[in-house]
2 protein chains.
Amino acid sequence: MKKVQRLALTLTPFLLAGMLLAKADAADTTKLDGPLTIAKQGSFFVGGHDIKSDALSSVPQFGASGTITVDQMYVRYQMPMHPKDYSVVLIHGCCLTGKSWETTPDGRMGWDEYFLRRGFSTYVIDQSWRGRSAASPVALNVVKTGKAAPDTVPAFTAAGHEVAWTVFRFGAEYPQVFDGLQFPLQAQEEFWKQMVPDWNYSMTPPVPTVKALSELSERLGETVLISHSQSGIFPFQTATMSPKGIAGIVSIEPGACPATNYDMAALKGIPVLVLFGDFVAKSEVWSKRLASCRDFADAAKKAGVEVEVVELPSVGIHGNSHMLMQDKNNLQVADWLVGWLGKHVKG
Amino acid sequence: MKKVQRLALTLTPFLLAGMLLAKADAADTTKLDGPLTIAKQGSFFVGGHDIKSDALSSVPQFGASGTITVDQMYVRYQMPMHPKDYSVVLIHGCCLTGKSWETTPDGRMGWDEYFLRRGFSTYVIDQSWRGRSAASPVALNVVKTGKAAPDTVPAFTAAGHEVAWTVFRFGAEYPQVFDGLQFPLQAQEEFWKQMVPDWNYSMTPPVPTVKALSELSERLGETVLISHSQSGIFPFQTATMSPKGIAGIVSIEPGACPATNYDMAALKGIPVLVLFGDFVAKSEVWSKRLASCRDFADAAKKAGVEVEVVELPSVGIHGNSHMLMQDKNNLQVADWLVGWLGKHVKG
């Protein structure tokens with residue numbers, strides 16, 4: 001009797017401890033849906049510098065003269081309980097902001113949260129001069145007050161729904177729809193609200209975002225720059241600036257790949273993925289861009305760079321638009337990408 | 001022997017269940033620091049409407065003609081595991097974005113996360129035409145292309161550091177510092193990066209943000225609109241539009257309170273707090289604004305509205321600037337505010 005009692009009393013703490021550990025592990029291990037436990041979250045800026053101007057404002061209650069800070073880049077992050085050795089930076093494209101990676105237009109989980117749940121510390125940026133990253137009003141105010149000619153107003157570009165429809169490959173032309181398209185067009189109204197005007201075309205490359213990405217990569221130590229469309233070229237320009245902290249480059253449907261005479265030495269030891277969705281052959285502009293990326297990849301491989309160009313249908317994933325991080329199968333695409341990172345990126 | 005064994009076997013599941021429940025509760029109850037468990041997070045837009053224009057772009061690769069969506073408002077939210085009956089909406093001020101409420105310039109927790117940890121579903125917005133809420137480029141492009149006169153460029157206002165220093169009450173004038181100031185001036189460089197140019201002064205009130213706040217309040221059902229500075233007047237304008245969903249109004253250092261002839265019927269059943277920091281008597285502009293808010297409060301009380309005007313020093317909290325949600329004692333201020341809400345807002 002004593003023996004059994006002792007056994008029970010002896011075993012119970014182990015049983016309890018074991019089950020509590022299992023429970024603690026369950027609470028610490030991030031699940032792919034349901035409540036989410038994060039170690040830390042927050043936001044900060046990188047880059048930026050002060051300028052002085054006497055054209056800050058045309059409103060009487062504000063002084064026109066003074067100092068403002070421009071070119072900085074807003075960064076919001078979330079860290080999981082048990083982060084992988086390397087983080088990811090999600091870099092949006094033209095006429096969009098970091099919102100691209102958040103909740104999809106039809107209300108599903110975005111890649112910002114999904115990569116977090118898959119164990120990545122996740123950094124979402126707003127490009128310099130866009131979203132929460134300040135633009136400068138100076139070039140407008142000097143025109144308004146007659147100190148500069150009207151045609152010096154910088155390019156400030158909105159993509160209309162009709163143009164975006166084709167560029168984002170929802171269909172061959174507005175409002176046609178590709179058969180099997182995965183973009184949640186029923187929520188297109190919410191998607192159009194994500195779009196913002198873009199100062200990028202008023203700037204000479206490399207744009208301030210690239211300098212800020214370089215500072216961010218160095219600060220993070222080991223990070224994969226995941227870029228999209230307009231920003232597709234940015235990680236390559238960042239690597240040219242400095243390879244510090246860049247653990248990998250994922251360029252999703254880049255507006256441009258580097259030229260074949262790009263200095264491939266910048267990519268030494270950095271695995272590169274160029275990723276395209278579906279229907280590329282049905283789009284003249286994207287066919288050309290894909291071909292040019294394949295040319296770049298061939299030249300890069302010859303120079304010893306580890307680079308891969310993948311069209312999602314070739315790995316069995318179909319129907320993806322240019323906005324593949326928002327498509328109905330966005331988490332399937334993310335899973336494939338996480339697998340690719342696991343194979344190629346050394347933490 | 002059998003009896004004890006049975007007892008042990010009988011008790012063990014209860015012990016286990018009890019301890020597991022305790023563990024589950026601990027995981028579910030949000031702590032004020034350390035790892036954070038949230039029930040749900042995401043982002044969406046409210047408001048917005050389509051416009052057609054032939055001045056969307058001056059860049060050849062984009063069509064100038066088409067449809068864009070404008071006036072929508074970006075909203076990011078996080079929900080705790082056991083939310084209170086009413087949520088809070090955090091509404092930033094002039095020349096700033098929703099970033100105001102996130103990590104402070106010196107890297108401490110912002111009110112967005114602190115209110116969440118205190119049990120509130122927390123909604124942070126970017127005002128329409130600011131941050132992740134699109135502006136329209138049309139009025140600029142028509143000037144650039146000579147279709148409108150230069151002086152029709154809309155007001156696009158940046159507040160310089162020097163002007164902001166005085167308005168934000170860091171000191172009597174730049175670069176003087178008030179004795180006992182709680183703003184983390186050692187991190188001012190990071191603070192200046194938060195500032196963005198502001199289209200608000202090109203608009204006729206009520207600005208699109210107010211319409212969007214009305215839609216958001218109705219959608220949320222029971223929410224407290226917490227506004228700051230420029231947006232201080234917005235919750236009152238929202239209530240005039242419709243009281244639906246507004247469980248309370250907190251106007252932090254409003255640029256303007258409603259006039260004494262404001263239709264107080266809009267505030268029936270809505271508790272109102274107008275909250276000021278320290279050093280108000282040392283600022284001419286803020287002294288006038290406080291006096292005008294006291295006039296409004298007197299008139300509102302006479303009409304039966306539950307309204308209170310509080311200067312933080314009167315409740316024993318000292319040293320606060322205009323940016324009190326970022327001051328070193330920002331969580332002390334939040335605690336006081338949560339107490340006020342608990343007493344006055346009926347969930």
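I began with the interface: chain A and chain B bury about 7000 Å² between them, 60% of it on carbon and sulfur atoms; buried area is the accessible area (1.4 Å probe) that two parts lose on being put together, summed over both. I note that this is a predicted model, in which local features need pLDDT of at least 70 and side-chain atom pairs count only at pLDDT 80 or more, while totals for chains, interfaces and linings use all residues. Side-chain values use heavy atoms, without hydrogens and water; residues are numbered from 1 along each chain as its sequence is written.

I then looked up the contacts (heavy atoms within 4.5 Å). In chain A, 86 residues are in contact with 85 residues of chain B.

For salt bridges (a side-chain nitrogen of Lys or Arg within 4 Å of a carboxyl oxygen of Asp or Glu), I found 4 across the interface of chain A and chain B. A:Arg132 forms a salt bridge with B:Glu102, with the closest N and O atoms 2.8 Å apart. The side of chain A that touches chain B divides into 44 nonpolar, 28 polar and 14 charged residues, with Pro counted as nonpolar and Gly as polar.

Finally I checked A:Trp199: leaving out residues up to four places away in sequence, its contacts include A:Trp129, A:Phe156, B:Leu140 and B:Phe156.

Methods:
Chains lettered and ligands numbered in written order.
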